[in-house]
Amino acid sequence: HSFPTRRSSDLYSKGEDILLACDLVKGAYTNQFDVAILVTGDGDFVPAVKLVQDAGKPVIIASFHSSLSQNLDMEASDVIYLDEHLDKIRLIDNKN
């Protein structure tokens, strides 16, 4: 049998996602914030979003339409669609 392989960057990203989800849930239950704003479209965050909401904290998702998981969209307290704000978003070159 062959097993799918993942690039190390994929594993690093997953690890970072897990740490972010843990911090989000911990922060909700230790009353470190009133509202969570999560900039992602990744449906892997749905369980964390549910736990944060169970702690009485709303979770606002900021994401592009094309990358927003349907499950995350349905679970969020509110969604900010970044596509609708592209005219206000700009990159800043900090190299100079």
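This is a predicted model: local features need pLDDT of at least 70, side-chain atom pairs count only at pLDDT 80 or more; totals for chains, interfaces and linings use all residues.
**Entry 1: Thr40**

Is Thr40 buried or exposed? I found a relative accessibility of 16% for Thr40, and the cut-off for buried is under 20%, so Thr40 counts as buried.

Next I looked up where Thr40 sits, and it is in the loop that links S1 and H2. Which residues does Thr40 touch, once those up to four places away in sequence are set aside? My list has Phe45, Ile61, Ala62, Ser63, Leu68 and Leu72.

**Entry 2: Val39, one place back**

I then moved to Val39, which belongs to strand S1. Here the relative accessible area is 63%; exposed means over 50%, so Val39 is exposed.

**Entry 3: the partner of S1**

In which sense do S1 and S2 pair? I have them down as parallel, with 4 bridges. For Ile37, I traced the bridge partner in S2 to Ile60.

**Entry 4: the core**

I turned to the largest nonpolar core and noted 17 residues in it. The residues with the most contacts inside this core are Leu24, Leu38, Val49, Val52, Val59, Ile61 and Leu72.

Which elements give two or more residues to the core? I wrote down helix H1 (8-29), strand S1 (36-39), helix H2 (46-54) and strand S2 (59-63).

Leaving out neighbours within four places in sequence, I found Leu24 in contact with Phe33, Ala36, Leu38, Ala48 and Val52.

**Entry 5: stepping back to the whole chain**

I finished with the overall picture. The protein chain has 3 helices and 3 strands, and from the N terminus I read their order as α-β-α-β-α-β. The chain has 96 residues, and 28% of them count as buried.

I also looked at contacts between residues at least 6 apart in sequence: 41% of these join residues at least 24 apart. For the surface, I noted that the chain exposes about 7200 Å², with carbon and sulfur atoms supplying 54% of that.

Note on methods. Residues are numbered from 1 along each chain as its sequence is written. Side-chain values use heavy atoms; hydrogens and water are left out. A nonpolar core is a set of buried Ala, Val, Leu, Ile, Met, Phe, Trp, Tyr and Cys residues joined through side-chain atoms within 4.5 Å. Buried means under 20% relative accessible area, exposed over 50%, partly exposed in between (1.4 Å probe, protein chains only). Contact means heavy atoms within 4.5 Å. Accessible areas come from the Shrake-Rupley method with a 1.4 Å probe; for residues, only the protein chains shown count as cover. Two strands pair if DSSP finds at least two bridges between them.
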